[in-house]
Amino acid sequence: DERFTVQYDFWDNSLSCLIPKMIVQPLVENAIVHGLEKSLKPGQLRIGAGRNPEHGYLAIWIYDTGVGMPEDKLKELRDALSHLPGKKQGGNGAAYSEMQQIIAHEGIGILNVNSRMVLYYGTDYTLLIDSEEGVGTNIQIRVPYRTRKEEN
């Protein structure tokens, strides 16, 4: 009931932008399950979006004040995100095994969203993750800024 509050911060220029279905929900779920629910203190979840006109993308962010991640865990997750879809892994399959362990521990949501972003938009649109143990986690999604009007 009073475990956490939710704050929305959607800039006006973000409201008409097109984004793929089901890219925000898994990240919000991860923030709640892996961040806020594990914290003993009341937390906050912030979800927002805004256009970066200089670079032509929409940034969507999900920030929680939950338990955060230790630096080594964050590094592992970033490494797993860098193994892009369709990219061959060499050697004895260690990279694949590492990714499977991360998927099992953190949930498949983050890696699925990252893979979908790369497949839709290319390698310039991977997830960006920052986290600090005891402080919280911030995930940013970037998508090309396109509106329905521009698509037609």
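Two strands pair if DSSP finds at least two bridges between them, and strands themselves are DSSP runs of E, at least two residues long, just as helices are runs of H or I, at least four residues long, all numbered from the N terminus. Before you start clicking, note that this is a predicted model, in which local features need pLDDT of at least 70 and side-chain atom pairs count only at pLDDT 80 or more, while totals for chains, interfaces and linings use all residues. Residues are numbered from 1 along each chain as its sequence is written, and side-chain values use heavy atoms, with hydrogens and water left out.

**Stop 1: the sheet**

Start by selecting the five strands: they make an open sheet in the order β1-β2-β3-β5-β4, with mixed pairing. β1 (4-10) and β4 are the edge strands; each has a single partner, so one side of each is left without a neighbour in the sheet. From one strand to the next, the twist averages 10 degrees.

Now zoom in on β2 and β3, which pair in the antiparallel sense over eight bridges. Pick I47 here and you will find I62 of β3 opposite.

**Stop 2: the core**

A nonpolar core is a set of buried Ala, Val, Leu, Ile, Met, Phe, Trp, Tyr and Cys residues joined through side-chain atoms within 4.5 Å. Buried means under 20% relative accessible area, exposed over 50%, and partly exposed in between (1.4 Å probe, protein chains only). Select L27, I62, I110, L127, I129 and I141: of the 27 residues in the largest core, these touch the most other members. Elements giving two or more residues to this core are α1 (25-36), β2 (43-52), β3 (57-64), α2 (71-82), α4 (109-121) and β5 (136-144).

Center on I141. Leaving aside residues up to four places away in sequence, I141 touches I23, V24, L27, L58, A59, I60, I62, M117 and L127.

**Stop 3: the salt bridges**

How many salt bridges are there? The count comes to two, taking a side-chain nitrogen of Lys or Arg within 4 Å of a carboxyl oxygen of Asp or Glu.

- K75 and D79: the closest N and O atoms are 2.9 Å apart. Both residues lie in helix α2, four residues apart, about one turn of the helix. D79 is partly exposed at 29% relative accessible area.
- D130 and R78: here the closest N and O atoms are 2.8 Å apart. This pair links distant parts of the chain, with D130 in strand β4 (residues 128-132) and R78 in helix α2, 52 residues apart. D130 is partly exposed at 46%, and R78 is partly exposed at 39%.

Key: Contact means heavy atoms within 4.5 Å. Axes are lines fitted to C-alpha atoms, for helices over the stretch in contact, and angles run from 0 to 180 degrees between N-to-C directions.
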